[in-house]
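Here is a short briefing on one protein chain. Look at the sequence and the 3D structure, then read on.

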Amino acid sequence: MTSTSSSRTTGGASSGSARSCCSVRFISPSQDGANRGVTGSGESGKSTIVKQMKIIHQGGFTHEELDVYKPIIFRNVMESAVAIVQAMQKLGISCAAEENQVIADKVLSHGANEALTTELASALHVLVQDAAVCRVLDEHASEFYLMDSAEYFFAEILRIGAPRYRPNETDVLRARATTTAITETRFMMGNLEIHMFDVGGQRSERRKWIHCFESVTSIIFCIALSEYSQVLLPAEDPSQTQNRLTESLVLFSSVVNSRWFLRTSIVLFLNKKDVFKEKIKRGKIPLERYFPEYNGGRDVNKAAKYILWRFMRENRARLSVYPHLTQATDTDNIRFVFTAVKETILQNALKDSGYFDHPCSRREGG
């Protein structure tokens with residue numbers, strides 16, 4: 001498979017975990033202006049998919065590009081630590097060990113902007129193993145916002161806090177940054193030229209990215225299955241009462257039923273299947289607590305099918321929808337899924353161009 005690439009950015013990106021949206025245009029060389037796009041609610045895995053395309057089709061990240069993610073990862077670690085300590089304070093829970101409470105108080109006083117030193121990394125390594133912290137994460141995780149990558153970064157905290165730390169590709173895939181500009185990535189996927197756009201997707205930003213989808217014939221829409229028990233960030237919903245999966249349903253409905261997309265097909269990525277599977281099987285955060293209609297218990301397949309049904313129910317425009325279970329942080333999974341997506345794109349491009357109606361496309365003898 002040949003690949004060429006180029007990228008350009010307008011504006012910039014800042015670390016954080018506010019909602020973001022990604023737009024992708026897939027352009028078939030045989031059909032000028034045949035555009036495809038991808039969208040979804042914040043932290044559904046869109047930016048991670050853009051990173052995966054760079055790994056799969058552009059040879060990965062240079063050392064300089066990896067180093068760019070170092071401060072972002074440091075901030076992700078500190079924001080996660082602050083979020084946990086603030087939640088404990090709100091819940092009236094103190095650390096089981098007195099010395100760990102001292103660490104927690106320091107985290108709260110310094111905030112997310114504190115530099116992650118080797119000493120601080122060692123302290124956080126001890127803090128996240130405190131019995132009370134573990135209990136908060138186990139029993140109260142749905143009551144406050146904590147990025148999905150927090151557990152991964154805490155497990156790797158000693159390596160991340162090492163003096164000569166350089167992020168690896170897995171760290172980069174797990175890193176979360178707020179997109180404040182439109183970033184375009186181009187590459188070839190077989191005979192398809194793909195244009196990927198990562199754009200701001202906060203509620204206030206969504207009206208601004210409609211121009212990225214002009215004349216699209218297919219849209220990739222990402223949802224995070226695991227967000228069924230999570231709430232929006234305070235910046236999006238100060239009361240932190242809006243369910244994130246419900247928010248995704250609202251966004252999906254606005255896209256699938258938009259007058260702009262009457263002739264558009266939808267590729268639906270049901271993402272973060274790994275996190276979702278773990279949450280459903282453990283049973284401590286049951287899906288039916290948030291969606292009472294569901295009655296499949298701890299059956300992961302039934303739970304995924306229920307969520308898919310909820311999204312399909314929003315498709316009042318009766319567009320063609322092609323669902324895929326995905327794990328955006330798994331390169332092999334995304335490579336496999338995009339092979340199927342490519343076939344969908346090619347079929348739609350041929351259909352839109354009228355190829356299937358051309359006499360040459362019909363087989364002799366029926």
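At what angle do helix α11 and helix α12 pack, and how far apart are their axes? The angle is about 120°, and the axes are 9 Å apart. Keep in mind that this is a predicted model.

**The chain as a whole**

- The protein chain has 13 helices and 10 strands.
- It has 366 residues, and 54% of them count as buried.
- Take the contacts between residues at least 6 apart in sequence: 74% of these join residues at least 24 apart.
- The accessible surface comes to about 17400 Å². Carbon and sulfur atoms account for 51% of that surface.

**How to describe a helix pair**

- Two numbers describe a pair of packed helices: the angle between their axes and the distance between those axes.

**Helices α11 and α12**

- Helix α11 covers residues 273-282, and helix α12 covers residues 300-313.
- Their axes are 9 Å apart, at an angle of about 120°. That angle makes α11 oblique to α12.
- The crossing of α11 past α12 is right-handed.
- On the α11 side, the contact is made by Phe-276, Lys-277, Ile-280 and Lys-281. On the α12 side, Val-300, Ala-303, Ala-304 and Ile-307 take part.
- Sorted by class, this contact of α11 with α12 has six nonpolar residues, two charged residues and no polar ones.

**Helices α3 and α6**

- Helix α3 covers residues 70-91, and helix α6 covers residues 131-139.
- Their axes come within 10 Å and cross at roughly 85°. The two helices, α3 and α6, are therefore roughly perpendicular to each other.
- From α3, the residues Ile-84, Met-88 and Leu-91 take part. They meet Ala-132, Val-133, Val-136 and Leu-137 of α6.
- The contact of α3 with α6 has seven nonpolar residues, with no polar and no charged ones.

**Helices α3 and α4**

- Helix α3 also crosses helix α4, which covers residues 98-110. The axes of α3 and α4 come within 9 Å, and the angle is roughly 110°.
- That makes α3 roughly perpendicular to α4.
- This crossing of α3 and α4 is left-handed.
- In α3, the residues that take part are Ala-81, Val-82, Val-85, Gln-86 and Gln-89. In α4, they are Ala-104, Val-107 and Leu-108.
- The contact of α3 with α4 divides into six nonpolar, two polar and no charged residues.

**A closer look at Ile-84**

- Ile-84 lies in helix α3.
- Is Ile-84 buried or exposed? Its relative accessibility is 4%, so Ile-84 counts as buried.
- Ile-84 and Val-133 are 49 residues apart along the chain. Their C-alpha atoms are separated by 7.6 Å.
- Leaving aside neighbours within four places in sequence, Ile-84 is in contact with Val-133, Leu-137, Phe-144, Leu-146 and Phe-154.

**Two residues with positive phi**

- Lys-272 is not a glycine, although it has a positive phi of about 60°.
- Lys-272 is found in the loop between β9 (265-271) and α11. Its relative accessible area is 9%, so Lys-272 is buried.
- Arg-318 is not a glycine either, although it has a positive phi of about 55°.
- Arg-318 sits in the loop between α12 and β10. Its relative accessible area is 74%, so Arg-318 is exposed.

**Other loop residues**

- Where does Asn-315 lie? It is in the loop between α12 and β10 (321-325).
- Asn-315 has a relative accessible area of 11%, so it is buried.
- Setting aside its neighbours within four places in sequence, Asn-315 is in contact with Val-256, Asn-257 and Val-321.
- Leu-262 lies in the loop between α10 (244-256) and β9.
- With a relative accessible area of 58%, Leu-262 is exposed.
- Leu-262 and Leu-319 are 57 residues apart along the chain. Their C-alpha atoms are separated by 7.4 Å.

Notes. Residues are numbered from 1 along each chain as its sequence is written. This is a predicted model: local features need pLDDT of at least 70, side-chain atom pairs count only at pLDDT 80 or more; totals for chains, interfaces and linings use all residues. Side-chain values use heavy atoms; hydrogens and water are left out. Helices (H or I, at least four residues) and strands (E, at least two) are DSSP runs, numbered from the N terminus. Buried means under 20% relative accessible area, exposed over 50%, partly exposed in between (1.4 Å probe, protein chains only). Contact means heavy atoms within 4.5 Å. Accessible areas come from the Shrake-Rupley method with a 1.4 Å probe; for residues, only the protein chains shown count as cover. Axes are lines fitted to C-alpha atoms, for helices over the stretch in contact, and angles run from 0 to 180 degrees between N-to-C directions. Angles under 35 degrees count as roughly parallel, over 145 as roughly antiparallel, 65 to 115 as roughly perpendicular and the rest as oblique. A crossing is left-handed if the near helix is turned anticlockwise from the far one by less than a right angle, and right-handed if clockwise. Ala, Val, Leu, Ile, Met, Phe, Trp, Tyr, Cys and Pro count as nonpolar, Asp, Glu, Lys and Arg as charged, and the others, Gly among them, as polar.
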